[in-house]
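Trainee: Before we look, I would like to go through the terms and what each one rests on.
Mentor: Then let us begin with the model itself.

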Amino acid sequence: MDLQLVGKRVLVTGASKGIGLAIVRAFQEEGAIVTATARSVTPELKATGAAFVSADLSTVDGPQRMVEAVLAGDSRLDVLVNNAGGGVVPDEAFGDPLDGGDGTWAAGFDLNLHAAVRTIRAALPSLVEARGAVVNISSDSARRPGAEPMPYSVAKAALNAFTRQLAERVAPSGVRVNAISPSATRTNLVTGKDGYIAQVADKAGVDHGTLVASLPKHNGMLTETLIDPSEIARTVLLLASPTMPSVIGANWLVDAGATKVV
Ligand SMILES: NC(=O)c1ccc[n+]([C@@H]2O[C@H](COP(=O)([O-])OP(=O)(O)OC[C@H]3O[C@@H](n4cnc5c(N)ncnc54)[C@H](OP(=O)(O)O)[C@@H]3O)[C@@H](O)[C@H]2O)c1
């Protein structure tokens, strides 16, 4: 299947590892020209040969400065993938019904919502020019009452609402905006010794491996196994492809049936 992505200029955030790295590789396999961004580059990202711009997207001016740097040489941008995100485990989380104070909530929203809003704001003129596409990486936890940590899942729910609203606003300019909601995926965030789940295990005093093994079933995933990042990446390719002009404002679950709604 020709997804018509050859030569397309693509910007992927949170691209140094995990789902973002898989997205970089998938676009390159389709012949796209990818710029990757994260706070720091990894050997795996370096090996892809993608252009790299370092940025902390959870800061107020980080996203705009990053987009300016990416577009400095060539202002064309066909696809933006807002993938950077993740949860923070606050010291006060356990036993706190709100999973943290103001600082924790602000950090959750800065990385999982505001980074996408600010990046899109800066990139929109180029995306309009190219009649391009935006894909936001959300999470199935946005739709799961009781999902932890709450600042993360609520920020992802806001990202879902933002995706749908923005899709409506910019579709007349030829820009398609969509989202993907993965469930537990095999990345550093889940399996890494310094990842989010490892931090939760540490604070809860349980074994990290045992917690990881229980995640798919806990989430209601019918495969009872972690999702491979390459599966999320293939879904991104489809949503970004000009061969899908009618997919607008969609939020595709890649969750092995974890979301129990009709
Ligand atoms: N893994 C899952 O089970 C799962 C499930 C549902 C949704 N998701 C979503 O999928 C996306 C990718 O997750 P992942 O599992 O691949 O995570 P990951 O392995 O932890 O990778 C996160 C990426 O984001 C970058 N990043 C983190 N904080 C950043 C910041 N402040 N500024 C710029 N870049 C930053 C990281 O690089 P640096 O640290 O170098 O900045 C890294 O490249 C996230 O939005 C996450 O919420 C993941």
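Mentor: A crossover is right-handed if, with the strands pointing away from the viewer, the path from the first strand over the helix to the second runs clockwise. Helices (H or I, at least four residues) and strands (E, at least two) are DSSP runs, numbered from the N terminus. This is a predicted model, where local features need pLDDT of at least 70 and side-chain atom pairs count only at pLDDT 80 or more, while totals for chains, interfaces and linings use all residues. Residues are numbered from 1 along each chain as its sequence is written.

Trainee: Which β-α-β unit is right-handed?
Mentor: The one made of β2, helix α2 (residues 43–48) and β3. The crossover from β1 through α1 to β2 is right-handed as well.

Trainee: What makes β2 and β3 a pair?
Mentor: Two strands pair if DSSP finds at least two bridges between them. Four bridges join β2 to β3 (residues 51–54), and the two run parallel. A38 stands opposite S54 in β3. With β1 (residues 9–13), β2 pairs over five bridges, in the parallel sense; there L11 has T35 as its bridge partner.

Trainee: Why is β2 called largely enclosed?
Mentor: A residue is buried if 20 or more other C-beta atoms lie within 10 Å of its own, exposed if 12 or fewer, and partly exposed in between, with C-beta atoms placed from the backbone. Five of the six residues of β2 (residues 33–38) are buried, so the strand is largely enclosed by the rest of the structure. Of the 262 residues of the protein, 47% count as buried.
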